[in-house]
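Morning, everyone. One structure today, and I'll keep it brief. Please have a look at the model first.

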Amino acid sequence: QVQLVESGGGLVQAGGPLRLSCAASGSNTAISDMAWYRQAPGKQRELAALITHNGHINYRDSVRGRFTISRNNAKNTVSLQMNSLKPEDTAVYYCYAHVLGSANEYTYWGQGTQVTVSS
């Protein structure tokens, strides 16, 4: 019902910036939460940053102060500005959306975009 399309991944040098964007489409139901998760090779997927519909934000400790999550509710987009990137930030980054419907809750995932940080 909801499709999420990410963009902005790529290769970046350590210390540099990168900006990820995600656009949601396909539903007329308001999206409650949007987030960015990431998964490094051989590791579990972990939450990087989350933002609620009203703008409340939660960051993973290791990215706090370096990453900034934002959203545009009118456009149903969410972005992640990543600064001072470290090699340990290398992962596939996934856009996430949570929708509260009339009877059920639904979660949706993007296809993922690779972020590689080199020295």
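This is a predicted model: local features need pLDDT of at least 70, side-chain atom pairs count only at pLDDT 80 or more; totals for chains, interfaces and linings use all residues.

Start with Asp89. Where does Asp89 sit? In the loop between strand S8, residues 77-82, and strand S9, residues 91-100. Is Asp89 buried or exposed? Asp89 counts as buried because its relative accessible area is 0%, and the cut-off for buried is under 20%.

Now its surroundings. The Asp89 side chain has a polar contact with the side chain of Arg66, at 2.8 Å. Leaving out residues up to four places away in sequence, Asp89 touches Arg38, Arg66, Phe67, Ser84, Val115 and Val117.

Next, strand S9. Eight of the 10 residues in S9 are buried, so the strand is mostly covered.

Which strands does S9 pair with? Let me go through the partners.

Take S4, residues 31-39. S4 and S9 run antiparallel, joined by eight bridges.

Then S10, residues 105-109. S9 pairs with S10 over five bridges, again in the antiparallel sense. Leu100 stands opposite Glu105 of S10. A hairpin of four residues joins S9 to S10.

And S11, residues 113-118. Three bridges join S11 to S9, and the two run antiparallel. Here, Tyr93 has Thr113 of S11 as its bridge partner.

Back to Asp89 to finish. Its contacts include Val115 and Val117, and residues 113-118 make up S11. Arg38 is also among the contacts of Asp89, and S4 spans residues 31-39. That's my tour.

Technical notes: Residues are numbered from 1 along each chain as its sequence is written. Side-chain values use heavy atoms; hydrogens and water are left out. Buried means under 20% relative accessible area, exposed over 50%, partly exposed in between (1.4 Å probe, protein chains only). A polar contact is a pair of N or O atoms within 3.5 Å; within protein, one must be able to donate a hydrogen and the other to accept it, and residues adjacent in sequence count only if both atoms are side-chain atoms. Contact means heavy atoms within 4.5 Å. Two strands pair if DSSP finds at least two bridges between them.
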